[in-house]
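Welcome! Here is a short briefing to read alongside the sequence and the 3D view. Take a look at them first, and then follow the topics below.

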Amino acid sequence: MQADVVIVGSGAAGLTAAILAARSGLSVLVLESTSVIGGTSAIAGGGIWIPNNHLAAATGVEDSKAMAEAYLRAVLGNRYDAAKIDAFLENAPDMLRYVQDATDAKFMPVAVGDYVLGMPGWTAGRTLIPCPYDGNRLGSLLKKLRSPIPEMGLFSAMQVTFLDLGILRHWNRSASNFIGTASLLARYAWDKLRHGKGARLGNGNALVAGLLRSAIDSGVEIWTDAPAQELIKDQGRVTGVVCFRENRREIIIVSRAVILATGGCGANPEMRRRYIPDTISDLSLQPEGCTGGGLTMGEAAGGRIEHDNEDNGIWVPVSVSQRKDGSIAKLPSLILERHCPGSIMVDAATGRRFVNEGLSYQHFGRTAIKHDIRKAYILSDAPAVRKYGLGMVKPAPFSVRPWVEKGYVIEGDTVSDLASKIGLDASILNKTIADFNRHAVNGEDPEFQRGQDSISAGAGDPEHKPNPALGPLKTGPFYALPIVPGDLSIFAGLETDAHARVTDRTGNPIPGLYAVGLDSNSLFRGCYPGAGASIGPAMTFAYIAARDIAAAA
């Protein structure tokens, strides 16, 4: 088997590179180690952080490359890599235009601000989210698309986008919301009959589906269940890949380059211990295929794994539950319950608050690690659970009762009753909630200023006054959701240059070898400037890599 370009991994980065390389006239083979396509991208929110993008500009957002550079210099400090950051800022808007105009993947801007407040060059609008995608366009490939986390949707297989939440939560508020909700449910029922799951795709699933459709249409060949095992080098250049497929070892001769895009090492216990030794739990949201194969092969070919970062993980609050089939459901707390009125988060060891609950998931994780908080509870009163849900518990008309009975959430008639059931001192928990309520009723939070910043205010309930993120817990029964600090992925990866080429221990590029996404070390060296700051650079450097390969003589 021969190919001009072999891409190891089928997430958003790998597919972006595959499309551009194929449309540049190169033969492209994608190797996916698992039976399904999409990697971590397919189960993620799918947002991308793209400074100075044309979609936000069309809505009146003021941004520029200079503003983004000032912001990143302030956020990263001495971790600022001028060459790579410049390559990102120069190419990210072009990558977005290319994907938007030339592929089935589409994006829309959202009014989400950068995560590090008070910095020069800060703005909103750099985060874009995928538009919903009709999975029927994939035909038989729909069954090959990695499914999202079932508990993030409805009925296990109905995907819900961020834009759907307003309609579904207020289905009985207006005729348009009722019709919109009925249409979504009818569409899901029809798709379920035909495909066994919903075909209206959202979030990261929509992003991967759009890229997958375009990759196939561009002539890209994709092998699933084909884990790459090693790279072949000849006179210092990577010239081939060895994979295992259909019970036999297969060698692919590569004329141009190999791009490593396997998704990093979040599912590899040994690598987790090596690169995130300060992690509090082993709860990773990464799929089973993200075992560090790209990092291992790149290192064996002469590359260097960098892990001297501000953080080596994208941290997130995670709740867990056992499914009927015995598997463990892991749900990241990304929206709603910890951001909205009627809830707080407390340290499970002390019963006291420790963080502004409405800030980013990365801020939560860094705070938990700093204070060695190994477990926490999201506490909500009954009206908040009915209105916003609580983890896997969906808002009304869904009932909280089955989740109480299985032990996923704990219920108490009073705060004292709840405290006794979760092993906390009732007097301390009552004081925590009373102190919070005394100020929350006026929309104030003197301890952590929740709702007084654009991030927590923007993630709250805009209909709630005077503070969209804040409201007292006052009406029982009260509920506690156990959560632990988990991770969405690991940042440590192969050191690369501004062209996405893997570099050796002397800093020189290894001919014929590129790494993108989580196989390359974090562009921001473990800092997290905004929502989508992982997938945005991943797709941008995939774009850069493919252009570099196509331009080579």
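## A tryptophan to start from

With a relative accessibility of 0%, tryptophan 49 counts as buried. Please keep in mind that this is a predicted model.

**Aromatic rings**

- The count of aromatic pairs comes to 11.
- In one of these pairs, the ring centres of tryptophan 49 and tyrosine 71 are 6.2 Å apart and the planes meet at 45°, so the pair is tilted.
- Because tryptophan 49 belongs to strand E3 and tyrosine 71 to helix H3 (residues 65-76), this pair ties together parts that are 22 residues apart in sequence.
- Tyrosine 71 also counts as buried, at 0% relative accessibility.
- Ring pairs join Trp49 and Tyr71 with Phe88 and Phe524 in a cluster.
- Elsewhere, a charge meets a ring: the charged end of arginine 245 sits over the ring of tryptophan 223, 3.9 Å from its centre.

**Strand E5 and its partners**

- Strand E3 (residues 48-49) pairs with E5 in the antiparallel sense, over two bridges.
- Tryptophan 49 has threonine 127 of E5 as its bridge partner.
- Strand E4 (residues 107-109) also runs antiparallel to E5, and three bridges join them.
- Here proline 109 stands opposite leucine 128 of E5.
- In a regular strand, side chains alternate between the two faces of the sheet.
- Are the two faces of strand E5 (residues 127-130) covered or open? Both are covered, with Thr127 and Ile129 buried on one side and Leu128 and Pro130 buried on the other.

**Cavities**

- Rolling a probe the size of a water molecule over the atoms shows where empty space is left.
- The structure holds three cavities of 30 Å³ or more.
- The largest cavity has about 200 Å³ of space.
- It is lined by 20 residues, and the closest to its centre are Gly517, Asn521, Ser522, Leu523 and Pro537.
- Helix H16 (residues 535-551) gives the most to the lining of the largest cavity, with three residues.
- That lining divides into 12 nonpolar, six polar and two charged residues.
- The second largest cavity has a volume of about 80 Å³.
- Its lining includes Met158, Asp164, Leu184, Tyr188 and Arg200.
- Helix H5 (164-169) and helix H6 (175-195) each supply at least two residues of the lining of the second largest cavity, and H6 has the largest share with four.
- Six nonpolar, two polar and four charged residues make up the lining of the second largest cavity.

**Backbone features to look for**

- Most residues other than glycine have a negative phi, and most peptide bonds are trans.
- The peptide bond from alanine 396 to proline 397 is cis, with omega near 15°.
- Proline 397 lies in the loop between helix H11 (382-388) and helix H12 (401-405).
- Glycine 476 and proline 477 are also joined by a cis peptide bond, with omega about 0°.
- Proline 477 is in the loop between helix H15 (454-458) and strand E18 (478-490).
- Asparagine 203 has a positive phi, near 55°, and lies in helix H7 (residues 203-217).
- At 15% relative accessibility, asparagine 203 counts as buried, because the cut-off is under 20%.
- Aspartate 372 has a positive phi of about 55°, and is found in the loop between helix H10 (361-370) and strand E16 (376-381).
- Aspartate 372 is partly exposed, with a relative accessible area of 45%.

Technical notes: Residues are numbered from 1 along each chain as its sequence is written. This is a predicted model: local features need pLDDT of at least 70, side-chain atom pairs count only at pLDDT 80 or more; totals for chains, interfaces and linings use all residues. Side-chain values use heavy atoms; hydrogens and water are left out. Buried means under 20% relative accessible area, exposed over 50%, partly exposed in between (1.4 Å probe, protein chains only). Two strands pair if DSSP finds at least two bridges between them. On a 1 Å grid over the protein atoms alone, a cavity is a set of points where a 1.4 Å probe fits but cannot get out, and a pocket is an open set with protein on both sides within 12 Å along at least five of seven lines; lining residues have an atom within 4 Å of a point. Grid points are joined across faces, edges and corners, and a volume is the space filled by probe spheres set on the points. Ala, Val, Leu, Ile, Met, Phe, Trp, Tyr, Cys and Pro count as nonpolar, Asp, Glu, Lys and Arg as charged, and the others, Gly among them, as polar. Rings of Phe, Tyr and Trp (its six-membered ring) pair if their centres lie within 6.5 Å; planes under 30 degrees apart count as stacked, over 60 as edge-to-face and the rest as tilted. A charge sits over a ring if NZ of Lys or CZ of Arg is within 6 Å of the ring centre and within 35 degrees of the ring normal.
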